[in-house]
Amino acid sequence: MRFLPPSLVILALFSGSVLSKKVGDICGTDSDKGVCEPTSWCKGRSGTVSQAGLCPGTPSDVRCCYYPKCSSPYQSGYCKPTWEVDGVGVACWGTFKSGHCPGPNDYKCCYPGA
């Protein structure tokens, strides 16, 4: 019986769904997080589109979108992870609201000053 080296076993375990993303998944770098969305959606909401490669397994027009605008009838803000803080440790200089951004439950609209 022949055994695989441990490094190949680990690679096999992590090469499937763990590395693949889908639209709406959190993506980004260590310092910035966004959400995988079509580039047209991101640009239409004045978000910043990443370079290729941060949303593996998605169509070529899906990229990591940083800080797209979000709005309610009376406010406008931007989408971001609730756990991502700025240089002074603040996640949102205002109020987070659910249901105004794509992605997981901890990716919300930050309404500054609200």
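This is a predicted model: local features need pLDDT of at least 70, side-chain atom pairs count only at pLDDT 80 or more; totals for chains, interfaces and linings use all residues.
Local features here need pLDDT of at least 70 and side-chain atom pairs count only at pLDDT 80 or more, while totals for chains, interfaces and linings use all residues. Residues are numbered from 1 along each chain as its sequence is written, and side-chain values use heavy atoms, with hydrogens and water left out.

**The overall fold**

Let's start with the whole chain. The protein has 2 helices and 8 strands; helices (H or I, at least four residues) and strands (E, at least two) are DSSP runs, numbered from the N terminus. Read from that end, the elements follow the order α-β-β-α-β-β-β-β-β-β. Of the 114 residues, 32% are buried, where buried means under 20% relative accessible area, exposed means over 50% and partly exposed lies in between (1.4 Å probe, protein chains only). Among contacts (heavy atoms within 4.5 Å) with a separation of 6 or more, 47% come from residues 24 or more positions apart. The accessible surface is about 7200 Å², and carbon and sulfur atoms hold 57% of that area; the areas come from the Shrake-Rupley method with a 1.4 Å probe.

**An open sheet**

Next, the sheet. An open, antiparallel sheet is built from 4 strands in the order E1-E2-E4-E3; two strands pair if DSSP finds at least two bridges between them. Strand E1 (26–28) and strand E3 (48–49) are the edges, each pairing on one side only. Strand E4 is mostly covered, with 4 of its 5 residues buried. The table shows two pairings of E4.

| Strand paired with E4 | Bridges and sense | A residue and its partner in E4 |
|---|---|---|
| E3 | 2 bridges, antiparallel | Thr 48 with Tyr 66 |

**The tyrosine pair**

Finally, the rings. A pair of aromatic rings is described by the distance of the centres and the angle of the planes. Rings of Phe, Tyr and Trp (its six-membered ring) pair if their centres lie within 6.5 Å; planes under 30 degrees apart count as stacked, over 60 as edge-to-face and the rest as tilted. By this rule there is 1 aromatic pair. The ring centres of Tyr 67 and Tyr 78 lie 5.9 Å apart with their planes at 70°, so this pair is edge-to-face. The two residues are 11 residues apart: Tyr 67 sits in the loop between strand E4 (62–66) and strand E5 (69–71), and Tyr 78 belongs to strand E6 (residues 76–81). Tyr 67 is partly exposed at 29% relative accessibility, and Tyr 78 is also partly exposed, at 27%.
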